[in-house]
Amino acid sequence: MKRIFALLLCLMLLPIAALAEEAESDIQVITITCTGDTTLGSSKRVQTKFAEHSYQAYIEKYGYEYPFDGIRHLTENDDITLVNLEGVLYEPKELATSHLVFNGPQDYAKILSAASVEIVNLANNHTDDYGKPGYQSTVEALQAEGIAYSGDTDFGRDLYWFDFENDVRIGFIGLLPSYRGKNPTKVEQDFQKLKDAGCDVIVASIHCGVEGQATHSQMTDTYRKLAMSLGAHIVVGTHPHVPQGLWVEKGVTTLHSLGNFSFGGNTGVNEALYSPESIIAQIDLHFKDGVYIGHQVTIWPIMTTGAADGTGMDGKGYANDYRPILVEGEAAQAIMKKVQKDTTFTLNPYVDGQGAVQEFVPWPGSKK
């Protein structure tokens with residue numbers, strides 16, 4: 001009798017389940033993977049005095065696919081991967097003596113294409129490493145590999161958008177305080193260009209804040225508010241080199257700082273690394289009948305190096321092997337605690353294999 005009753009109950013529930021499945025299938029999801037500061041090359045000091053520990057030495061030894069190997073399943077199974085590209089792809093006749101000027105050869109753009117990176121942000125304080133020739137060389141290298149770029153800088157005002165089914169268009173722009181301070185009208189015009197082009201969602205990269213600081217700065221708040229007021233739906237922060245928290249307001253999520261990713265600027269063997277603990281953010285944008293209805297963020301804790309603790313300078317900390325890896329268990333929970341410290345609301349917990357899946361953030365006025 002119980003089996004007959006259970007069968008009847010299942011048959012009664014089938015139409016309801018079918019309707020729910022049909023309703024869910026109406027939702028179009030576009031996934032964006034965002035990584036932090038990525039420097040495809042080291043400084044002159046490292047390339048010469050510490051050559052065996054340089055970014056260039058690792059690429060020569062392991063190849064273009066090496067830096068993204070540890071998280072490739074994320075970047076290859078999304079729709080768009082966004083990377084903040086710090087440093088230039090340029091080989092000058094003479095390398096700059098500053099240890100804060102980074103470069104790699106043009107062919108390092110293949111590192112990005114091999115990892116299925118679709119777009120990079122160029123609005124950061126290392127885009128002008130080696131001036132306009134360095135910028136132009138970088139752009140040429142990206143174009144050769146079919147990689148898009150965006151960012152308002154002294155050398156270019158670059159916007160980009162991707163088109164998807166149902167006439168969905170996702171636009172990208174990058175903000176840098178030093179540029180916007182001198183050119184507020186141009187920045188406003190560029191946001192307007194994305195809106196006039198019919199972008200349903202605008203993703204704004206902001207490069208600001210205090211390096212090494214665990215909590216976001218007033219400048220980050222200023223640029224978050226600015227980006228929102230100009231039409232951003234998602235705000236992605238970089239520059240502090242450490243992970244910071246999230247802010248959700250009026251349907252917009254701001255990621256204050258993702259920290260670093262594959263970062264050739266520090267070896268860890270000749271200078272202290274900023275904490276190798278960082279995060280990757282995956283953002284699922286939801287659309288219904290081509291209309292944006294909101295998004296959901298998943299946080300993936302990472303270490304920017306797979307080298308063991310104690311391999312760094314003077315046997316302390318971490319050497320940098322430039323190959324970020326996903327972490328689980330206690331290591332992941334420790335990183336999530338850092339993100340929570342700079343977040344005013346309670347984050348959903350990290351789950352091994354699933355990431356820290358946050359609540360759906362509806363776009364004001366939309367109906368899911």
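Mentor: The largest pocket holds about 180 Å³ of space, counted as the space filled by probe spheres set on grid points joined across faces, edges and corners. A pocket is an open set of points on a 1 Å grid over the protein atoms alone, for a 1.4 Å probe, with protein on both sides within 12 Å along at least five of seven lines; lining residues have an atom within 4 Å of a point. This is a predicted model, with local features needing pLDDT of at least 70 and side-chain atom pairs pLDDT 80 or more, while totals for chains, interfaces and linings use all residues. Numbering runs from 1 along each chain as its sequence is written, and side-chain values use heavy atoms, without hydrogens and water.

The lining includes H99, H126, H241, E211 and E271. Also lining the pocket are L100, F102, N125, F263, G265, N266 and Y274. By class, four of the lining residues are nonpolar, six polar and two charged, with Gly counted as polar.

As for the fold, the chain has 10 helices and 19 strands, which are DSSP runs of at least four residues (H or I) and at least two (E). The C-alpha trace of the chain spans about 80 × 50 × 40 Å along its principal axes.
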